[in-house]
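Please walk me through this protein structure.

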Amino acid sequence: DFETFFSHCCSSVKCRLEATPYTLYVEDVATRIATMLPNSSVLFILRDPVRRLISDYRFHLQRDHPSTRGTLKEFFEWQSSMRGKIPSLLKMGCYVQNIRPFLNELGRSRVHILFFEHFYAKPAIEIQKLCEKLGIDKSFYRNYDFRLHNPTINYRFSWLNKKARGLEPLVANLRARIIHNQRLYKLFEKIMETGKYTYRKLNN
C-alpha cells in the first residue's frame, strides 16, 4: 500500500513527495531533478518486465481498450510496432537504460530500487528496509496489514464493466472535493472499498 507509505513519509520526515511512474521515461528528467531538487532522492519499484507486460495486457482488456481485442501475441506485436515520443510498453520494461541517467546525475546513494516481487513476497521486511534507507520511522509497519489494491479481474458482464468505468470520473470528482475533510474522506473511502468488493464478487 504505497499510498499509505507516502503519507507516512510526509508525516515522519516533513518532506514533499511525488509519485508518477512515467517520470522514469521522460527525456532529461534526471538532469532537471538534479538541478531543481538537489537534495532529493528517487525510488523505483520495478516489476519483472514480462509479468508487467502481461499485467498491462490484462489491464487493457479489463478497460476494453481496442488494442486488446486480439490475443496476447497480437498485443505484443502491436506494442513492437509502436513509434513516437511515448515509449511502448515493451520499451518501458528496459529499465537499465532509463535508470542509468538517474545514477549518473544523482549518484547511487540517492537512487533506491525496490523489486516488486521481493516486496510482494515479504512486504513487512522490504518496507522496513526501505524506511531505514530513507530515514523514516519503520515501527509504523511492524503490525501493518498489507492489502492488494486495484486487482485486475476477468469480468463476466461487459455491460456492467462499462457502467463501472463510467462512474470513475464522478468518483474522482467527489474524492477531490472532500479530500481535505478527513472524517468525510475516510467514510467515503470505506464506502468505496465496500462497493469495489461487492462489484468484484458480482462481476468476477
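The protein chain has 10 helices and two strands. Helices (H or I, at least four residues) and strands (E, at least two) are DSSP runs, numbered from the N terminus. From that end on, the elements run α-α-β-α-α-α-β-α-α-α-α-α.

This is a predicted model: local features need pLDDT of at least 70, side-chain atom pairs count only at pLDDT 80 or more, and totals for chains, interfaces and linings use all residues. Residues are numbered from 1 along each chain as its sequence is written, and side-chain values use heavy atoms, with hydrogens and water left out.

Start with confidence. The predictor's confidence in each residue, from 0 to 100, is called pLDDT. Its mean over the protein chain is 81, and 88% of the residues reach 70 or more. Among the elements, helix α1 (residues 2–13) has the lowest mean, 51. Helix α5 (residues 95–106) has the highest, 92. Where pLDDT is low, the predicted coordinates should not be read in detail.

Next comes burial. A residue is buried under 20% relative accessible area, exposed over 50%, and partly exposed in between (1.4 Å probe, protein chains only). Of the 204 residues in the protein chain, 25% are buried. Take the contacts between residues at least 6 apart in sequence: 65% of them join residues at least 24 apart.

Now look at helix α3 (residues 49–62). It has 14 residues. From its first C-alpha to its last it reaches 20 Å, close to the 20 Å expected at 1.5 Å a residue. That expected span is 1.5 Å times one less than the number of residues. At the start of α3, a side-chain oxygen of D48 comes to within 3.0 Å of the backbone nitrogen of V50. Just after the helix, D64 takes a positive phi of about 60°. The buried residues of α3 are R52, L53, D56, Y57, H60 and Q62. What covers them includes α4 (72–80), α5 and α8 (158–166).

Leaving out residues up to four places away in sequence, Q79 touches S88, L89 and L90.

Turn to the aromatic rings. Rings of Phe, Tyr and Trp (its six-membered ring) pair if their centres lie within 6.5 Å; planes under 30 degrees apart count as stacked, over 60 as edge-to-face and the rest as tilted. The whole structure holds five aromatic pairs. One of them joins F44 and F102, edge-to-face, at 5.0 Å centre to centre and 75° between the planes. This pair links distant parts of the chain: F44 sits in strand β1 (residues 42–46) and F102 in helix α5, 58 residues apart. F44 counts as buried, because its relative accessibility is 9%. F102 is buried too, at 2%. Elsewhere, ring pairs link Y57, F75 and W78 into a cluster.

Finally, the cysteines. How many disulfides are there? The count is zero, where a disulfide is a pair of cysteine sulfur atoms within 2.5 Å. C94 is partly exposed, with a relative accessible area of 34%. C131 is buried, at 0% relative accessibility. C131 and Y141 are 10 residues apart in sequence and 9.4 Å apart in space, C-alpha to C-alpha. Y141 has its place in the loop between α7 (123–134) and α8. Y141 is buried as well, with a relative accessible area of 1%.

Technical notes:
Contact means heavy atoms within 4.5 Å. A polar contact is a pair of N or O atoms within 3.5 Å; within protein, one must be able to donate a hydrogen and the other to accept it, and residues adjacent in sequence count only if both atoms are side-chain atoms.
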